[in-house]
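Subject: Structure handover

Hello,

Here is the structure I promised to pass on. Please open it alongside this note; my findings follow.

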Amino acid sequence: MNILKKGSFGPHVSLLQLALNRSGFGELQKDGIFGPKTENALKNFQSKVGLIPDGICGELSQQALMPWYTGYLRVKIQPGDSFYSLSQRFRTSLEAIIIANPNISPENLQIGSSIIIPLPFDVVPTDIDYCSELIGFCVTGLNARYPFLKIGNIGKSTMGKPIWSIILGTGKNRVAYNASHHANEWITTPILLKFAEDFSTKYASDGEIYGERASEIFNYSTICIIPAVNPDGIDLVTGALNSGEFYMKAKKIALDYPVFPFPSGWKANIAGTDLNLQYPADWEQAKKNKYAQGIVSPAPGDFVGPYPLSAVESRAMYDFTMSFNPSLILAYHTQGNVIYWKYSDYEPFNSRRIAQLFSTISGYSVENTPYASAFAGYKDWFIKAFNRPGYTIEAGLGKNPLPISDFPEIYEKNIGILTLGAIVT
């Protein structure tokens, strides 16, 4: 993260404000503006942890704030410590400590060994704009709290950022969910991250999610979540990336296509390739359609690239999907409150029935993809290549990027799709 100080603005400042609130040093409005209240809260925090209280959030302050970004502390056992006393000291639950440390016996704590202490708040925030750093904090924080989930990455973005993966479950039925192929549809990323957290919480407590026992889903299916296919683009749209070589190249690309507002209208990866027009499902037809619309070079959206899978992000998704071999996929986008379920004349077994079920529980309509957008998408390729159910979920309605205030309603409509998607095939 960049050095933050008075006058800074953007999603990194919102994240700082969130961390200061979580740590008890403020009731700050998470507006992404580093003003006097944020400065004072940071100075108080710095004094508390033994740093120079200069009100500038540099490397040392970021390190000290890390537990309030990720949601956990790593603590060394001291004489007299117990799980119960630690839960009281850090105001967290005894159950949370037990879940986070499955290989440590509470009756036989070893002095000097370290344990994970989950802090008393949810890991995944749902009320601030996202950036790639926050996605990483969420993924690593969830893994620390819930070690039964597996994290990794399926590759790197154009700028070298991890394309994170989260795996839940151990069952033979494999399903894969992804979000944010399009940068300005980034609100889909916290949808998948929040589902991972809610599912993990219910599994750990032997509870139910959307009326289904989480442990039964865990044993029946393996759910792989790719929360952000396009992390570089997310950073550009939300303002986390606002300078440097990649930013300047993107800004230059946008000048050639003023129909796309910059940066809010940016859909593509940071190099100007639309990742959801990159897959080998009649890519030439997609090229013909987009060229006819005047999109013939790298652009904020709708440029198909020089050839299929030329973008590292789409190539990573292709390779992952071939290896993971899912029985069903969900690709999350945001525009229309609609479920797209077919590709051309392909209609995989049960796909219509599942689409109607998703429609019933979400209120979204079921439609065929419009011709102008009907080729070279991830869902299109999956259906053509695997002949299995694949769905583009257009979760939301309005002008992209949708405001984070839309999150509660969108999530409520999709929790059923995400839950039942793991068991319907």
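A charge sits over a ring when NZ of Lys or CZ of Arg is within 6 Å of the ring centre and within 35 degrees of the ring normal. Lys287 and Tyr291 meet that rule: the charged end of Lys287 sits over the Tyr291 ring, 5.3 Å from its centre. Arg145 does likewise with Phe121, its charged end lying over the ring at 5.8 Å from the centre. Keep in mind that this is a predicted model.

Aromatic contacts

The search of the whole structure gives 23 aromatic pairs. One of them is Phe262 with Trp266, which is edge-to-face. Their centres are 6.1 Å apart and the planes make 80 degrees. Trp266 is buried, at 0% relative accessible area. Phe262 is partly exposed, at 27%.

Tyr343 and Tyr346 also pair. Here the ring centres are 6.1 Å apart and the planes lie at 15 degrees, so this pair is stacked. The cut-off for stacking is under 30 degrees. Tyr343 is buried, with a relative accessible area of 1%. Tyr346 is partly exposed, with 31%.

There is also an aromatic cluster. Its members are Tyr279, Tyr318, Tyr378, Trp381, Phe382 and Phe386.

Salt bridges

The count comes to 17 salt bridges. In one of them, the side chains of Asp127 and Lys30 meet at 3.2 Å, N to O. Asp127 is in the loop between strand 2 (114-118) and helix 6 (132-145). Lys30 is in the loop between helix 1 (11-22) and helix 2 (36-48). The pair therefore ties together parts that are 97 residues apart in sequence. Both ends are partly exposed: Asp127 at 40% relative accessible area, Lys30 at 26%.

Lys194 and Glu197 form another bridge, with their closest N and O atoms 3.4 Å apart. Both residues belong to helix 7 (residues 188-204). They are three residues apart, about one turn of the helix. A network of salt bridges links Lys194 and Glu197 with Asp122 and Asp198.

Lys379 and Asp380 make a salt bridge too, at 3.1 Å, N to O. Lys379 is buried, with a relative accessible area of 3%. Asp380 is buried as well, at 3%. Asp380 is part of helix 14 (residues 378-386). Its C-alpha atom is 9.0 Å from that of Thr392, twelve residues away along the chain.

Which residues of helix 10 are buried? In this helix (residues 245-255), they include Tyr247, Ala250, Ile253 and Ala254. These four cover an arc of only 120 degrees around the axis, so they lie on the same side of helix 10. Glu245, Lys252 and Leu255 are exposed on the other side.

Tyr84, Leu94 and Ile98 make a nonpolar surface patch of about 290 Å². Ile98 is in helix 5 (residues 94-100). Ile98 is partly exposed, at 42% relative accessible area. Patch residues need over 30%, so Ile98 clears that cut-off with its 42%.

Backbone points to check

Most residues other than glycine have a negative phi, and most peptide bonds are trans.

- The Phe262 to Pro263 peptide bond is cis, with omega near 0 degrees. Pro263 is in the loop between helix 10 and helix 11 (283-292).
- Asn400 and Pro401 are joined by a cis peptide bond, with omega about -5 degrees. Pro401 is in the loop between strand 12 (390-394) and helix 15 (407-420).
- Asn337 is not a glycine, yet its phi is positive, about 50 degrees. Asn337 is in the loop between strand 9 (328-333) and strand 10 (338-340).
- Ala376 has a positive phi, near 70 degrees. Ala376 is in the loop between strand 11 (365-367) and helix 14. Ala376 is buried, at 0% relative accessibility.

Best wishes

Notes: Residues numbered from 1 in each chain as written. Heavy atoms only, no water. Phe/Tyr/Trp six-rings, centres within 6.5 Å; stacked < 30°, edge-to-face > 60°. Buried < 20%, exposed > 50% of the residue type's maximum accessible area, 1.4 Å probe, protein only. Patch = residues over 30% accessible without salt bridge, like charges linked within 9 Å, V, L, I, M, F, W, Y side chains within 5 Å. Areas by Shrake-Rupley, 256 points an atom, 1.4 Å probe, with all protein chains shown as cover. Salt bridge = Lys/Arg side-chain N within 4 Å of Asp/Glu carboxyl O. Helix = DSSP H or I, 4+ residues; strand = E, 2+ residues; numbered from the N terminus. Arc of directions from axis to C-beta.
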